[in-house]
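Q: I would like to learn how to read a model like this one, feature by feature. Could we go through it together?

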Amino acid sequence: MKYVTKLDGVEREFEFVREGGKLLARSAGREQLLDLALVGDGATFSLLVDGRSYDVVADVDREKVFVQVLGQRFVVGVEDERERAAHAVAGNKAGGKQELRASMPGIVIDVKVAPGDEIEEGRTLVVLEAMKMQNPLAAEAKGKVVRVLCNKGEAVAAGALLVELE
Amino acid sequence: MPPFRRILVANRGEIALRVIRTAQEMGIETVAVYSEADRGALYVRRATMAVCLGGSKPSESYLDIGKVVAAATSTGCDALHPGYGFLSENEDLAEACKQAGVEFLGPPPHAITVMGDKVEARKAAQKAGVPLVPGLQEDVSAERLVAAAREVGYPVMLKAASGGGGKGIRIVREEKQLVEAFELARAEAQSSFGDDRIYLEKFVTRPRHVEIQVMADKHGNVVHYGERECSVQRRHQKLVEESPCVALTPELREQMGQAACDLARSVGYVGAGTVEFLWSEGRFYFMEMNTRLQVEHPVTEMRYGVDLVREQIRVGAGEKVSPPPEPRGHAIEVRVNAEDPATFFPSLGKLTRINLPGGPGVRLDSAMYRGMEVTPFYDSMLAKLVVHGADREQAIARCIRALRELRIVGVATSLPTALAALRSPEFAGGDYDTSVLERIDRKPTAATAELAALAAAAARFLLAERAGAASAAPAGKGGRDDTPRWAASVRGQRQWRTAP
């Protein structure tokens, strides 16, 4: 089975083949022998890469995997072949939709965009105040603002839809 | 006989637990106070008794002096420990305790008042012979500014008397810009703070934050426990602290220690206190005095083998300070905050998994537990990791090792930031200052990112394989259900949150 990972804008392809108790991982013309053991709680793994040992937390949430390894924390997008093919089809049809949701409960301090605005990736859309700190919420990809569903001064719950983009 | 029968701990989180631990060791009972949000908190469970103060907002609970003192008297406490933050530097609480006949484990109200006022504190320091950043504070006029700036040397800073947190500061590099900058600064201060008072200070280049821990008893004795260096800061908040400070010579350390003791003595200080200095180019200048136990006090405890909370309790009961033991080795503390490592924004959520570090020379002060919710009501600090080593090199290596063992799942933390700081050549070399974090590269290496990607893909493969879906035909064939079967088995356990 092939998987494509996306991390900080870099895509990598991995193919895994079972070799007895171990896994052969192929990526960018390189082969590594893995031994991956799920430990205890369902998200902690012991990963041996060509005999090198890593203690890994990998929490899988559908196509997002939250990884902690070597003291660092990563959010890695992972698609298998089928998902990738399905997304390619869906992407051609719908043109891709983007939603900005409140990551925590807070108060909307500022709304920086209006419907119709063309925006670049990383552009701040809404400023949310939570824990006495102002948090700018940015667009994950470039696009066009379709709807703005929040107002300045409004209190919003975690997960509330704030801005819809395409 | 314990010096007190029962202590009310007027705080929450790790510092409340810290105080409870020492009290237990001394055979003293403790009373925890809590807000509705903290009902299940670890320190509440570890205390002898617990009293609910009210709502989750600090003003409805931890900051309400009346409620706190009433909790102390109704439970028969004979002493109160204020911790840090909240009411710890509030002279009204100290006064209210006095009236209620409860020993306040901190300085007398007068000392809190003097040190709490920037201008008064500066005057007290000057009187006690403690060096101040040279400048001009009073009767400021254009002519007097020009003369003062010539005397202290350029560059100089113009600061608004009512400013703070980095606001209302202008740097002037040449005399010809000074008068114009003064007029602008005054107008700005008037419109921003409603107060046009400006003062001048020498611009301190590459400052380091170095502070002295003092302890005073009620008999006029003041001792100090050397310094802590706290220059690794983000947004003016400390992240990594160490002792000793590599920039100090034994002579300078003694001078700073004496200056801190003199200042404490001059205001009739009692208990634990910290005098903060700026160090620059071999000289030190008074910044402020914190009239309480500091967050980073364990750094001193590790290096001196002393329990500062025990000393606070002892001197509060009227005993004399004990002479500080000889310091040994090197100690480092890292604050573990629930925050995004890239933006430093707070990260809220539930702690679904925790792995604690262990091994030689490692101490963890924390009140977190598996399943704990990080809420928006309080400070985002989850833990303090403190290590001790034979020397600085060993302490840094040990700290990095322990940071890699410490694993918190459910919120983003400051761990990667601290790791990057400890690994940076600037920190390791020791020649750093308060802006070190702005300069170091905090991005993970390409090899680590590659490993994370590999681990993520392999984890998905393994879980899919276990669910029996991996042997599926290649893409496009078969028309299977879109949702992989394994998804159902892992969905229930996800509690991660992405930071904003």
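Q: How many bridges join strand β10 to strand β11 of chain B?
A: Strands of a sheet pair through backbone hydrogen bonds, either parallel or antiparallel. Here six bridges link β10 (residues 208–216) of chain B with β11 (residues 222–234) of chain B, and the two run antiparallel. Two strands pair if DSSP finds at least two bridges between them; strands (E, at least two residues) and helices (H or I, at least four) are DSSP runs, numbered from the N terminus. As one example, Val210(B) has Glu229(B) in β11(B) as its bridge partner.
A: A note on the source: this is a predicted model, where local features need pLDDT of at least 70, side-chain atom pairs count only at pLDDT 80 or more, and totals for chains, interfaces and linings use all residues. Residues are numbered from 1 along each chain as its sequence is written, while chains are lettered from A and ligands numbered from 1 in the order in which they are written.

Q: What is the strand order of the open sheet of eight strands?
A: In chain B the order is β14-β13-β10-β11-β12-β15-β20-β18, with antiparallel pairing. β14 (283–290) and β18 (362–366) of chain B are at the edges with a single partner strand each, so one side of each has no neighbour in the sheet.

Q: Which strands does helix α9 of chain B touch?
A: Contact means that the C-beta atoms of two residues, placed from the backbone, lie within 7 Å. By that test, α9 (residues 250–266) of chain B packs on the sheet against β10, β11, β13 (271–280) and β14 of chain B. Its direction makes about 110° with that of β11(B), where axes are lines fitted to C-alpha atoms, for helices over the stretch in contact, and angles run from 0 to 180 degrees between N-to-C directions.

Q: How many residues of chain B are in contact with chain A?
A: On the chain B side there are 42, meeting 52 residues of chain A. The largest share of the chain B side, 15 residues, comes from α16(B).

Q: How many residues does the largest nonpolar core have?
A: A nonpolar core is a set of buried Ala, Val, Leu, Ile, Met, Phe, Trp, Tyr and Cys residues joined through C-beta atoms within 7 Å; buried means 20 or more other C-beta atoms within 10 Å of a residue's own. The largest one has 167 residues, with Val67(A) and Ala456(B) among those with the most contacts inside it. Its largest share, 14 residues, comes from α16 (residues 446–466) of chain B. Val67(A) touches several residues, including Phe74(A), Ala452(B) and Ala455(B).

How values were computed. A residue is buried if 20 or more other C-beta atoms lie within 10 Å of its own, exposed if 12 or fewer, and partly exposed in between; C-beta atoms are placed from the backbone. Lists of a residue's contacts leave out its neighbours within four places in sequence.
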